Amino acid sequence: MEISIKNLSKSYGKKAALQDINLDISKGMFGLLGPNGAGKTTLMRILTTLLRKDSGQIMINGIKLEETARIRELIGYLPQEFSMYSNLSVYEAMDYLALLSNIGPVKLRNQLIMELLHKVNLEQNLKTKVKALSGGMKRRLGIAQALLNNPKLLIVDEPTAGLDPEERIRFRNLLRDFSEDRIVILSTHIVEDIEFTCENIGILNQGRLVYKGAVKDLLASSEGAVWTASIDRGQLDEVRSSSTIISSVSEGDKVKLKLLAGEKPMPEAEEARPTLEDAYMHIMKGGVA
Ligand SMILES: Nc1ncnc2c1ncn2[C@@H]1O[C@H](COP(=O)(O)OP(=O)(O)OP(=O)(O)O)[C@@H](O)[C@H]1O
Ligand SMILES: [Mg+2]
């Protein structure tokens, strides 16, 4: 399983949403990271064939994206704005979607639905109305429906937004299990979501791919750029104008800072080991990986 994206561009009117994207993705979990409006949903919808690209070449598993029917057979998709037949029960909703996907006969359909609901831990909720599910349960149902056609490529757009920490971790683990024998592309603006699940990531910013590669290489690229220092409150403005402050914590008259700087920003500064969050900030501020 392999996705190859070459020179992909897409505009909405005059607004360039994706500019000259080149990216290869192979088996496992791939994280797509970027702030609001970066182009994550646009890229994902193009891969699902729901949105047309303006230019570029995309191949999925050796098949051209233009062969829509064959591509769709490969793909499961959980959109960012996911809503589903809220007056149906969990089972009825799955059954309806399975029917639409031409999965039959009844016995096989029933078996498949139960298998998937078991995987996403919703088998206790067969009769619960969709509208009565919690946000996390709805996302899990969303994954179950995206897996109905046993996709080789699963695309999930910001699946962890609005989930509590426990549910987020459960959801991440679920996706990681699925990614063992397929590609899972996960978009998020929460760095932590990909830190523990994705080996490889792409970072989009204003329609451009500003990083692609291994998480560990991104971390390595920000070595030497992250510093901590405890300064007097009065110095804060001066520091702010000369470096990028990642975080600040008040400690009496002092402020403890974490900042980005190409070299030691002040005598009392100490180099810190970058976290993924730091490395992400570094890239977003124009650091080169
Ligand atoms: N249908 C549309 N018509 C016009 N502009 C659009 C449309 N959809 C997206 N855009 C613009 O394209 C850019 C990329 O949007 P996109 O939804 O792909 O970003 P995103 O990374 O998914 O953001 P978010 O994190 O908020 O979901 C944004 O500037 C957005 O305003
Ligand atoms: Mg989006």
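**Close-up views of a predicted model**

**View 1. Val191 counts as buried, with a relative accessibility of 4%.** Buried here means under 20% relative accessible area, exposed means over 50%, and partly exposed is in between (1.4 Å probe, protein chains only). Please keep in mind that this is a predicted model, in which local features need pLDDT of at least 70, side-chain atom pairs count only at pLDDT 80 or more, and totals for chains, interfaces and linings use all residues, while side-chain values use heavy atoms, with hydrogens and water left out. Residues are numbered from 1 along each chain as its sequence is written, whereas chains are lettered from A and ligands numbered from 1 in the order in which they are written. Val191 belongs to helix α7 (residues 191–195). Helices (H or I, at least four residues) and strands (E, at least two) are DSSP runs, numbered from the N terminus. Apart from neighbours within four places in sequence, Val191 is in contact (heavy atoms within 4.5 Å) with Leu33, Leu276, Glu277 and Tyr280. Although Val191 and Ala279 are 88 residues apart along the chain, their C-alpha atoms are separated by 10.0 Å.

**View 2. Helix α10 spans residues 276–284.** Which residues of helix α10 are buried? They are Leu276, Asp278, Ala279, Tyr280, His282 and Ile283. Just after α10, the chain reaches Gly286, where phi is positive at about 100°.

**View 3. Helices α5 (residues 135–146) and α6 pack at an angle of about 10°, and their axes are 10 Å apart.** This makes α5 roughly parallel to α6. On the α5 side, the contact is made by Gly136, Met137, Arg139, Arg140 and Ile143, and on the α6 side by Glu167, Arg170, Phe171, Leu174, Leu175 and Phe178. Sorted by class, this contact has six nonpolar, one polar and four charged residues. The axes are lines fitted to C-alpha atoms, for helices over the stretch in contact, and the angles run from 0 to 180 degrees between N-to-C directions. Angles under 35 degrees count as roughly parallel, over 145 as roughly antiparallel, 65 to 115 as roughly perpendicular, and the rest as oblique. As for the classes, Ala, Val, Leu, Ile, Met, Phe, Trp, Tyr, Cys and Pro count as nonpolar, Asp, Glu, Lys and Arg as charged, and the others, Gly among them, as polar.

**View 4. Leu174 sits in helix α6 (residues 165–178).** Is Leu174 buried or exposed? Its relative accessibility is 12%, so Leu174 counts as buried. Leaving out neighbours within four places in sequence, Leu174 is in contact with Lys119, Val120, Arg140 and Ile143. Arg140 and Ile143 are on the α5 side of the helix packing in the previous view.

**View 5. Two protein donors, Thr41 (OG1) and Gln80 (OE1), lie 1.9 to 2.3 Å from the magnesium ion (ligand 2).** They bring together distant parts of the chain, 39 residues apart: Thr41 is in helix α1 (residues 40–47), and Gln80 is in the loop between β6 (75–78) and α3 (90–100). Donors are N, O and S atoms within 2.8 Å of the metal (3.2 Å for Na, K and Ca); water is not among the atoms, so sites may look incomplete. Thr41 is partly exposed, at 26% relative accessibility, and Gln80 is partly exposed too, with a relative accessible area of 31%.

**View 6. Some backbone details are worth a look.** A cis peptide bond joins Gly104 and Pro105, with omega about -5°. Pro105 lies in the loop between α3 and α4 (106–119). Asp20, in strand β2 (residues 15–26), has a positive phi near 50° without being a glycine. Asp20 is partly exposed, its relative accessible area being 44%. Thr49, which is not a glycine either, has a positive phi of about 75°. Thr49 is in the loop between α1 and β4 (55–60) and counts as buried at 14% relative accessibility.

**View 7. The domain assignment gives domain 1 (2–214) and domain 2 (224–272).** These bounds come from an automatic or database domain assignment. Taken over C-alpha atoms, the two domain centres are separated by 40 Å. For orientation, the protein has 10 helices and 14 strands, and 46% of its 289 residues count as buried.
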